[in-house]
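Dear colleague,

Please find below the structure that I am handing over to you.

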Amino acid sequence: MTDAPSPLGLFVAPVTAFQQNCTVVWCTKTNRGAVIDPGGGVDPILTEIARRGLTLDQIWITHGHLDHAGGAAEMAEKSGAPIIGPHPEDQFWIDGIPAQAAQYGLEPMRSFTPTRWLDEGDVLTLGETTWEVFHTPGHTPGHVIFFCRAARFAQVGDVLFQGSIGRTDFPRGDLQTLIASVTTKLWPLGDDVQFVPGHGPGSTFGVERRSNPFVSDKALGRV
């Protein structure tokens, strides 16, 4: 065990009627931060970032569903931060954000083109922290997750939840692809990795690998 301070700070702000976990992460040495999945609530999140003395450097998107990406255009406009991600296979979801918002009776939301698309093996730098990008399709075809190895932390969007996994009944979703994303991309990162999902409470990969009824080793017949 080490008493060294964590290289990473974070807070979670549930947004929209879907209570999506918009996650703000920052380098504790430089106070340079990123907002992951600003689905809405842009002004309160920016206010809290300023209150904490953080500098918003980047906006990261795990996938193109409106509750994760619906506020990205507004946040980029108000902060000047670039939008990074998801994988380009989710462009059709991003293009549909305005119609999705109208369908669900939410406030108007805008589509956007990211400053940078992401793919498997990409690396992001935030202050003095480094983040690895993994392409994790199944919930959507262009879903990605963000992993800070030094902090043993991941933000996994709607790939994995405490006790559950993401839906696969949306266009271009696929259950077996999602299971493969979890077991081949997330599990090798280590049982000790803590994660924030797109909705609900966090957990660790180890707990989910032991007990998740959809992707545990037992559920998949691997024990």
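Helix H1 is followed by Gly 53, whose phi is positive, near 75°; helices here are DSSP runs of H or I with at least four residues, strands are runs of E with at least two, and both are numbered from the N terminus. The model is predicted, so local features need pLDDT of at least 70 and side-chain atom pairs pLDDT 80 or more, whereas totals for chains, interfaces and linings use all residues. Residues are numbered from 1 along each chain as its sequence is written, and side-chain values use heavy atoms, with hydrogens and water left out.

Helix H1 spans residues 42–51, and its buried residues are Val 42, Ile 45, Leu 46, Glu 48 and Ile 49 (buried: under 20% relative accessible area; exposed: over 50%; partly exposed in between; 1.4 Å probe, protein chains only). These residues lie on the same side of H1, because they cover an arc of only 160° around the axis, taken from the directions from the helix axis to the C-beta atoms. Pro 44, Thr 47, Ala 50 and Arg 51 are exposed on the other side of H1.

As to the cysteines, the whole structure holds zero disulfides (a disulfide being a pair of cysteine sulfur atoms within 2.5 Å). For Cys 22, the nearest cysteine sulfur is that of Cys 148, 18 Å away. The sulfur of Cys 148 has its closest cysteine sulfur in Cys 27, at 9.0 Å, which is too far for a bond. Cys 22 is buried at a relative accessible area of 0%, and Cys 148 is buried at 1%.

With kind regards
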